[in-house]
Amino acid sequence: MSAQPKNEVMEMQLRREGGIAVMTINNPSRRNAWSEPVKNDTLKHLASLLGDKSCRAIVITGGKDIFSAGGDVKGMKDRHNRDADDYMSRRLYRTGPGNHIMKTLVSCPKPVVTAVEGAAFGIGMGLAVASDYTVAASNSRFAAAQIRRGLCPDGYMYYTVTARCGPGRAREILLSGREVSAAEAERYGIVHELVEPGKALEAAMVAAERFAAVPPLAFALTKAAMTDSYHTLEACFRAEQDYQPIVGLSKDHKESVAAFLEKRKPNYTGE
Amino acid sequence: MSATPVAEVMETTLSWEGSIAILTINNPSRRNALSPPVREDMMRHLNELMASRKCRGIVMTGAGGVYSSGGDVKNMKGRTERGMDFAERRLNQSQDALSHRIVRTLMEGPKPVVQAVEGPALGAGLAYALSGDYTVVASNAKFSGAQVLRGLCPDGGFYYTLTVRCGPGRARELLLSGRSFTAQEAERYGIVHEVVEPGKALEAGLKACERFAAVPPLAFALTKSAMNHSYHTLEACFRAEQDYQPVVGLSRDHKESVAAFLEKRKPNYIGE
């Protein structure tokens with residue numbers, strides 16, 4: 001892990017539990033808003049974790065009562081007051097850290113699990129669904145609130161929300177910005193698992209361990225395919241043709257087959 | 001049908017229930033693993049059935065209370081031991097590889113395909129169980145996208161067939177973890193269409209297939225074709241309507257259907 005100056009308070013905290021990295025949004029005075037410092041910390045952590053073989057999965061969580069209130073409304077106001085607030089500068093901003101983070105979470109080679117307690121609004125909801133698995137406490141609440149601030153959805157939510165619940169429901173949720181309860185979110189497929197309040201992180205660790213037990217190379221290539229190869233049967237076959245020979249020759253496949261036939265636990269190296 | 005020496009043991013067997021063909025994966029001593037002979041028999045039968053006017057629908061099932069345990073793990077070991085290289089492995093997954101041809105035929109062929117599942121359907125076995133128009137499973141059926149657990153990626157059309165059933169959110173979780181899930185979960189996620197009591201899957205599968213078989217065959221074939229490619233955007237949808245609707249609008253079966261409806265009698269379709 002990258003060295004962290006001891007006195008610096010990270011707005012996205014990072015700790016390790018064995019092979020699982022746990023990131024916690026820690027900006028409670030601003031309701032865990034998706035602020036520039038949170039984004040910068042997250043980017044730094046992701047850069048170190050993705051290059052770290054000992055990291056087998058990433059869990060992202062927030063506070064006890066709030067996952068994230070989303071975009072920083074104060075920051076939105078500041079931007080209006082800036083001199084050079086024009087189309088081109090705003091367009092450039094769209095290629096910045098915020099989008100880079102969401103893209104990484106959705107397509108990176110490591111498992112990503114999000115654990116939500118309380119509100120996940122706007123881009124906070126975007127973060128909650130930019131993962132392979134989302135656990136939500138029964139008191140959590142979701143809203144694609146951007147449209148209520150006169151903005152369009154961001155953070156890949158057209159893709160991630162639609163991928164979870166289908167375009168029929170996504171259309172309603174993204175266009176109204178209304179609040180969606182945890183129970184609704186589970187019914188629509190927006191979250192994978194509901195747990196009691198206070199138990200989201202614990203359940204997320206269990207899910208992360210399950211993903212971490214899969215051979216890492218097979219995981220990485222399957223995740224790549226699941227990001228964009230499921231829209232047509234031919235795209236799917238193309239992904240099979242591209243990826244299956246690679247993993248078929250991997251050490252971990254051999255180890256998996258040997259362990260299965262010898263009825264013992266496999267030991268994977270990611271090769 | 002092509003002549004088969006009487007003594008040959010078929011690993012996928014064909015029987016008939018009226019005009020519905022029943023294809024049974026029949027190698028229970030190996031838990032109906034999808035060995036090359038199973039797939040070869042399956043492909044041969046499918047080619048004949050898809051071209052047969054007699055056949056109005058296909059129900060696929062497994063013998064001995066198992067649908068299929070999927071790829072043969074011993075066969076995986078054999079491939080590694082004999083040094084199967086990248087080129088051969090890639091050829092094995094090529095566009096006209098047997099497994100892809102089977103799935104493509106089930107998904108895109110003109111006849112109704114219903115899958116009737118008892119017991120486990122694992123790995124590529126599950127991919128086959130989802131390849132078709134309707135899946136009935138017994139309540140004791142068990143599922144897993146198990147390929148990742150063997151250090152492989154999903155195959156058998158899995159990224160597509162699972163995802164169209166349950167959406168990419170759940171498909172991602174199931175294909176990336178390889179965890180097993182129940183018939184009830186599968187029904188809740190939309191992965192299967194119907195759950196029935198153990199021992200009743202084939203019966204329910206035949207019933208569902210009769211329902212599809214009662215549809216005019218040409219309208220069925222073109223609608224099935226459109227469902228493979230034409231729902232992702234509004235424009236693709238309109239394009240399919242524009243391409244197919246005039247064809248069926250001129251068909252004999254459309255005229256027959258309209259006449260029978262107005263005369264309050266049963267229609268008689270000929271597939272033209």
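This section describes a predicted model, from its confidence to its core, a helix, a sheet, a loop and an interface.

Residues are numbered from 1 along each chain as its sequence is written, and chains are lettered from A and ligands numbered from 1 in the order in which they are written. Because the model is predicted, local features need pLDDT of at least 70 and side-chain atom pairs count only at pLDDT 80 or more, while totals for chains, interfaces and linings use all residues.

The predictor gives the complex an ipTM of 0.85 and a pTM of 0.89.

The largest nonpolar core has 156 residues. A nonpolar core is a set of buried Ala, Val, Leu, Ile, Met, Phe, Trp, Tyr and Cys residues joined through C-beta atoms within 7 Å. A residue is buried if 20 or more other C-beta atoms lie within 10 Å of its own, exposed if 12 or fewer, and partly exposed in between; C-beta atoms are placed from the backbone. The residues with the most contacts inside this core are A:V59, A:V135 and A:A204. The largest share of the core, ten residues, comes from α6(B). In soluble globular proteins, nonpolar side chains tend to be buried together.

A:V135 lies in strand β7 (residues 133-137) of chain A. Helices (H or I, at least four residues) and strands (E, at least two) are DSSP runs, numbered from the N terminus. A:V135 counts as buried because it has 29 C-beta neighbours inside 10 Å. Leaving aside residues up to four places away in sequence, A:V135 touches several others, among them A:V113, A:A115, A:V191 and A:A204. Two residues are in contact if their C-beta atoms, placed from the backbone, lie within 7 Å. With the same exclusion, A:A204 touches A:V59, A:T61, A:V113, A:A115 and A:V135.

Helix α4 (residues 97-107) of chain A has buried residues at A:G98, A:I101, A:M102, A:L105 and A:V106. Seen down the axis of α4(A), the buried residues fall within an arc of 125°, so they line one face of the helix. The arc is that of the directions from the helix axis to the C-beta atoms. The cover over these buried residues includes α1 (36-50), β5 (112-116) and α9 (216-228) of chain A.

Four strands of chain A form an open sheet in the order β4-β6-β8-β9, with mixed pairing. Two strands pair if DSSP finds at least two bridges between them. β4 (66-68) and β9 (180-181) of chain A stand at the edges, each with a single partner strand, so one side of each is left without a neighbour in the sheet. β6 (residues 119-121) and β8 (residues 141-143) of chain A run parallel and are joined by three bridges. A:A120 has A:F142 as its bridge partner in β8(A).

The loop between β2 (20-25) and α1 of chain A holds A:R31. A:N32 is in the loop between β2 and α1 of chain A. Phi of A:R31 is near 50°, a positive value in a residue other than glycine. Phi of A:N32 is also near 50°. A:R31 is buried, with 21 other C-beta atoms within 10 Å. A:N32 is buried, with 28 C-beta neighbours inside 10 Å.

At the interface, 40 residues of chain B are in contact with 44 residues of chain A. On the side of chain B that touches chain A, α6(B) gives the largest share, 13 residues.
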